[in-house]
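Welcome, and please open the structure in your viewer. We will walk through it stop by stop, selecting a few residues each time.

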Amino acid sequence: MNKIVQNEWISFIHNQKLLIITKLTLMLVLLNLLSVSASSYSQNTKLTINMQNVDIQAILDEISTQSEFTFAWSSQFVDLDKKTSIRATNKTLDHILKKLFKSNDVDYKIIDRKVVLMPPIAVAVPVGEVTGSVTGVVKLEDGSTVPGVNVTVKNTYTGATTNIDGVFTISNLDPGSYELVVSFIGFKSQTITVEIVAGETAKVEMVLSPDILNLNTVVVTGVQNPKTMMESSVAITTMNSKEIEKLDVGSSAQLLEYVPGFYVETSGGEVGNNLFARGIPAAGAYQFTQIQEDGLPVFEDGALQFSNVDNYYRIDANVDRLEAVRGGSSAIFASNAPGGIVNLVSKVGKKEFNGFAKLSTADYGMMRTDLNVNGPVSEKLRYSIGGFYRYGNGIRNAGFPGNVGGQIKGNLTFIHKKGYVRGYFKYLNDRNIFYLPIPLQNQDDPEGIPGFDPNYGTMASVNASKISVPMPDGGTWDRDLENGIHPKVFAAGAALLQELGDEWILKNNFRNTSIDLEYDAMFSMGSPMLATEYAENIFGAGNYQYSYADDGTIVSNPSQLNGNGLVVSPGFWSIDRKMNNFVNNLSVTKTFGTHNVTGGYYFSYYKATQFWYWSQVLMEVADEARLLNLTNPNSGKSQTWNGISNIGFYGRNTDIRGTINALYLNDEFNINEKISADVGIRYEMGRYSGAREGEGWSPFPHQDTLLPEALNTGWSGNGQMSYFKFDADELAWTLGVNYMFSDNMAAYIRASDGFRTPIEEAYMDNISDLSKIKTTDVKQFELGYKYSSSKLAVFANAFYMKMDNLPFTDILAGGVSENKFAGAKNMGLELEAIGKLNVFGLRFNGTFQNPEFTDFNYRTADGTEVDNDGKQVRRIPKVFLHITPSLDFDFGLGLYFRFSYYGEKFQDNENNATLPAYSMLNAGASYNLKNITFAVDATNLTNAIGLTEGDPRVSPDASAQYYMARPILGRAIRFSISYEF
């Protein structure tokens, strides 16, 4: 029997409306009197309803089926034929009915197991009191109140911030049930349900618990719909602005060292560094990991030649948080990112004005200012703007200011009831010195050479900074090392979020980026040699003379040159690039019961041109080294020209463009209250094309017979362009399941298959035969565990990866690429943990892995067979970890030490040359006085000489006394004062 009936006592009401209202009012009074003695059945009974696009009566039928509730109504005044949707899990009847009838002009009264439906009572709400409000206090577990806490109505921009007493008030809320989200940096986000009654003020109290590893922080990277890390089935590390500020890193790459699974080479300086994700072999740069700003790539391809993506973004006061995903779902939500996604989320305008300012200096001659201000223009319009400017020599002092420039970045957000529209821009104009391998000795235990400081020396010297060399067309190539890596970046775009009703959500985000890059650096091209040996190989014993190129002073005793008797011939490499990228990401999300389904369309177009003109110089091995000339005084012949030993020995004129159209579909759903899952696919259609001018060397207009051919000819190209086209239609997929043991503990499993299309150098190396190159396939399997309490938090992830068709494309000394392909596999464990005990804290993150080559067999030019299967992947250690003990006192003083260890690795694919294991010690202290923080941070306190790479342009000689390698930067101390307002 259907338990929904139209009772006779309601059906006779059909006359005057006023009479009806009067009688219903009297009936409500009677029902309220009866309810005093009613049981608590309606309060204790919990229901789960998930029905989409059905009439109201069908929903009431389902409620009756699940319970003992019966309903009574008059069809003349209550329409149950309207279509609607509802989703509620383990909720009371009162909660469900309020949600169901919120916009259907229906009132109700629950008396035990009976529910009376009726039109709203006109006299129930006095005139002028149609809305309500909520006020509350936010406390810590010790009972103290917390100012500055954000309290918002879920899925809206309506909210408030707690005052100095921890109190907040949100007014003008329509009657109904609301979920308030309470969030504060360093504490678990909390959601509380509150019932708003017209004309009344609801009161709540919330207690915040520490979230020491941010596992309860809501993330937007690697998932389609925002959710906490505890709920996500991906390996993700987050750092908020306060944590980033506390680390006070010297470069963007140094910040990524705090992400397990990411091995980062930070020895290049502030820019131009390399990231290796989960042991995936790479030529360098950010080949398998996409770096994003606000959900879109900084530039579509982060591994274009001499265009590492960290050249084009900076960590400054505009960054609100960092979210770094390793593997997992990254291949679904980004192109060419099977290794992971790093998303830098910008600050946006808050409801109240606030800001951050910082002044920094360092013992290596640096001054930097950072600023961000944000707040409201009006109730619906908010802004955020800021940036930095920095002037400094660089830790390895070349004798000129190595890092000069800055950035300005901002956004403007218009907020409305159903979403927001945001416009944003960025302008970066910054030049940075780039550090490359330097002369060292003792390969088993690296140490410096007399006259050259291994911690602070660089071959980029003020005494060799300018070069002006002939070109075959009659012009000159004029470059300056002080220019360093000098990008000018302008980016602008907009983002939209719009609720369409019926649980449809539309998102769109686009950006256009243009980059003009000038690049000048001193590259290693061979090991140091004894000056006498180098000269005798050219002119014979007793037939040579060295002199300084700048003033002609003769070197009287070359065997004692600068106390070490060594010379070296690095390359003065210069590159010009112009780049442009337009990208748009459109997605639509719809909720179907427990499923959140998102479909999206991603489009990106980029074009990049480049021109190289490289020369080689002869230098002494010394700090701020000088250029040398080498001549034969007897014959008048010279091996150099103004200190240059090889003019225009290599060049390149190329362009590349890519068009990416990708469709993706992702479903996130709950299997039950503890188990959630997601499955996603991405189908990408990549169209790549470009051109390369053929090789050619031409004589200079005015040749000198006393100079060798290397100084009488230069790269000119042959005027003939070769073209290529490459289509990459690829499918990526992922499947993850997350199990919540409790609110504090979860585990997940995930399988995924991603890809990386060929890198630029692979196209250029094989432009005449593209059959040699293929898309790199990356398969991954993961098993993760998460635990969070107020004293201990742990995030562990075990993984297995298999990779095919990996390219190896380092440019060798003669300008030729190694141009090899191989496979690799890796099994490992990523571990991130933090513990707190009163004022003491201990943080650990480490990676334990075994990256090995597979399918890596080839023949050398002389026919020798080389088998690298099972060899350790070059430049990547099996173990690297960081241990950070800290003390944070209540009176504002904070202290920390950071011990880092990097295991042994190899310079080359054949594992012939070892890069020894090393450790490093950092430390720092800070003192907080209200809104002002004073800090000092020191890196590499012991001046360790840890090698990140050898000389990738020459075959290693493990027995050589002198060699070139790139060590980490020497000890540096930074001082800062920051102010929050």
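In which strand is Leu359 found? Select residues 354-362 and you have the answer: Leu359 is found in strand β24. Before going further, keep in mind that this is a predicted model.

Next, look for open space. Rolling a probe the size of a water molecule over the atoms shows where empty space is left. The second largest pocket holds about 410 Å³ of space. To centre your view on this pocket, select Asp908, Glu910, Val954, Ser955 and Pro956, which are the closest to its centre among the 19 residues that line it.

**Stop three: Lys98 and its two partners**

Now for the salt bridges, of which the model has 48. Start by selecting helix α5, residues 93-100, and show the side chains of Asp94 and Lys98. How far apart are the closest N and O atoms of Lys98 and Asp94? They are 3.4 Å apart, and the two residues form a salt bridge. Both residues lie in helix α5, four residues apart, which is about one turn of the helix. Lys98 has a relative accessible area of 27% and is partly exposed; Asp94, at 28%, is partly exposed too.

With a relative accessible area of 30%, Glu195 is partly exposed.

**Stop four: a bridge between two strands**

Which residue forms a salt bridge with Arg479? Select Asp576 to see the partner: the closest N and O atoms of the pair are 3.1 Å apart. Because Arg479 lies in strand β31 (residues 476-480) and Asp576 in strand β37 (residues 571-592), the pair ties together parts that are 97 residues apart in sequence. Is Arg479 buried or exposed? Arg479 is buried, with a relative accessible area of 10%, whereas Asp576, at 27% relative accessibility, counts as partly exposed.

Then bring up Glu245, Asp248, Lys358 and Arg974 together. Salt bridges that share partners join these four residues into one network.

**Stop five: two positive phi angles**

Stay with Asp248 for a moment. Most residues other than glycine have a negative phi. Asp248 is not a glycine, yet its phi is positive, at about 50°. Asp248 is found in the loop between α6 (241-247) and α7 (252-256), and at 7% relative accessibility it counts as buried.

Where is Asn172 found? Select residues 167-173, which are strand β9, and Asn172 is among them. Asn172 is another residue other than glycine with a positive phi, in this case near 60°. At 65% relative accessibility, Asn172 counts as exposed.

For the last stop, select strand β22, residues 319-326, where Leu322 is found. Leu322 counts as buried, at 1% relative accessibility. Draw a distance from the C-alpha atom of Leu322 to that of Asp294: these atoms are separated by 9.9 Å, and the residues are 28 apart along the chain.

Finally, pick Asn318, which lies in the loop between β21 (307-308) and β22. Asn318 counts as buried, at 3% relative accessibility. How far apart in space are Asn318 and Asp888? From C-alpha to C-alpha the distance is 26 Å, and the two are 570 residues apart in sequence.

Note on methods
Residues are numbered from 1 along each chain as its sequence is written. This is a predicted model: local features need pLDDT of at least 70, side-chain atom pairs count only at pLDDT 80 or more; totals for chains, interfaces and linings use all residues. Side-chain values use heavy atoms; hydrogens and water are left out. On a 1 Å grid over the protein atoms alone, a cavity is a set of points where a 1.4 Å probe fits but cannot get out, and a pocket is an open set with protein on both sides within 12 Å along at least five of seven lines; lining residues have an atom within 4 Å of a point. Grid points are joined across faces, edges and corners, and a volume is the space filled by probe spheres set on the points. A salt bridge is a side-chain nitrogen of Lys or Arg within 4 Å of a carboxyl oxygen of Asp or Glu. Buried means under 20% relative accessible area, exposed over 50%, partly exposed in between (1.4 Å probe, protein chains only).
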